[in-house]
Amino acid sequence: MSIKTAILNGVATIEIARPEKKNALTVAMYQAMADALDAAREDVAVRAVLITGQPGIFTSGNDIEDFMSRAPGQGSDALDSPVFRFMRALLDCDKPVVAAVTGAAIGIGTTMLLHCDFVYVSDEARLAMPFVGLGLVPEFGSSLVVPQLMGQRRAAEKLLLGDPFTPEQAVDCGIANAVLPPAEVVNHARRVAERFNQLPPGAVREAKRLLRGPQRELLTQVIRTEGEGFTRRLKSPEAMEAFQAFFQKRKPDFSKF
Ligand code: COA
């Protein structure tokens with residue numbers, strides 16, 4: 001099983017569990033996470049959601065084999081694909097979402113954190129959004145939210161160069177709340193999620209909507225534009241070279257483009 005779900009003490013936990021592939025996310029896993037988020041939203045006993053990974057790895061991002069063989073189609077097809085369903089469920093989740101980043105968070109692993117309400121990172125984690133190096137473009141609102149959080153200069157390092165960054169830098173630039181020892185990150189995140197058992201759910205829901213509200217429409221537009229570029233570029237020769245290089249365990253060669 002690659003996604004484990006559980007509900008305990010008012011918290012719906014979504015655990016990414018595919019350690020043999022560094023928790024790379026497949027179409028089926030996005031589907032399972034979208035279903036879990038939708039169920040959490042409907043269940044009145046759930047007051048918050050916790051997303052977590054495995055010791056040493058949160059997720060290595062989208063499964064690159066899936067990128068090559070099962071890329072979302074174009075236009076409205078893409079918007080109905082499991083990855084879009086998952087990210088839409090995350091953006092639409094009206095209950096607090098807490099992330100426990102247990103290790104490396106790459107690609108969509110970092111992108112999804114931008115749309116969680118609380119982010120706690122293990123001090124051994126590394127974050128990265130290496131889309132351009134893979135022949136792709138930023139996704140799911142990161143081209144809007146990342147510059148807002150950290151300014152254009154640092155956003156260019158993360159999104160154009162794809163530079164990895166440390167947990168301390170993630171806190172410094174507003175992506176994460178705090179850095180914790182690896183053995184404590186999940187429990188700390190869970191304790192934060194459980195605090196919502198003591199708070200009035202209606203007020204939490206309305207406050208969350210207000211916090212996210214003003215740019216919601218703009219975000220939807222940006223996500224659509226990014227999605228068009230991303231799905232188009234998935235089939236580009238640049239992306240194919242990057243994906244093949246990953247599996248051949250070599251550096252990509254972009255000199256011919
Ligand atoms: N998609 C598909 N398979 C992946 C994967 C991904 N995103 N990330 C890792 N794997 C697979 C590897 O191919 C390898 O499989 P194998 O054992 O059959 O050869 C296995 O998981 C272990 O990965 P490996 O690279 O050997 O582990 P590592 O500890 O040396 O490095 C990472 C870990 C996460 C740094 C590295 O795997 C990585 O950079 N992954 C790709 C990240 C990425 O570019 N994601 C897409 C972002 S859009």
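The lining of the largest pocket divides into 26 nonpolar, 8 polar and 10 charged residues. In that count, Ala, Val, Leu, Ile, Met, Phe, Trp, Tyr, Cys and Pro are nonpolar, Asp, Glu, Lys and Arg are charged, and the others, Gly among them, are polar.

Some bookkeeping first. This is a predicted model, where local features need pLDDT of at least 70 and side-chain atom pairs count only at pLDDT 80 or more, while totals for chains, interfaces and linings use all residues. Residues are numbered from 1 along each chain as its sequence is written, and side-chain values use heavy atoms, with hydrogens and water left out.

Back to the largest pocket. A pocket here is an open set of points on a 1 Å grid over the protein atoms alone, with protein on both sides within 12 Å along at least five of seven lines; lining residues have an atom within 4 Å of a point. The volume is about 930 Å³, taken as the space filled by probe spheres set on the points, with points joined across faces, edges and corners. Of the 44 lining residues, Ser60, Asn62, Asp63, Ile64 and Phe67 lie nearest the centre. Two or more residues each come from α1 (27–42), α2 (64–69), α4 (82–92), β6 (103–106), α10 (216–233) and α11 (237–247). Those are DSSP runs numbered from the N terminus: helices are H or I, at least four residues, and strands are E, at least two.

What takes up the space of the largest pocket? The ligand does, by the criterion that more than half of its atoms lie within 2 Å of the grid points. Around the ligand there are 15 residues, and Lys21, Lys22, Ser60, Asn62 and Ile64 come nearest; "around" is a heavy atom within 4 Å. By class, that shell has 7 nonpolar, 3 polar and 5 charged residues.

Now the polar contacts, meaning pairs of N or O atoms within 3.5 Å. Backbone N or O atoms of Ile64 and Asn62 each lie by a ligand nitrogen, at 2.8 Å for Ile64 and 3.1 Å for Asn62. From the side chain of Lys22, an N or O atom is 3.3 Å from a ligand oxygen. The ligand taken alone exposes 880 Å², and the protein buries 65% of that, by Shrake-Rupley with a 1.4 Å probe.

Last, the second largest pocket, with about 700 Å³ of space. It has 30 lining residues, and Cys116, Asp117, Lys208, Leu211 and Arg212 are closest to its centre. α9 gives the most to that lining, with 7 residues.

Methods
Polar contact = N/O pair within 3.5 Å; in protein donor to acceptor, adjacent residues only side chain to side chain. 1 Å grid on protein atoms, 1.4 Å probe; cavity = no way out; pocket = protein on both sides within 12 Å on 5 of 7 lines; lining within 4 Å.
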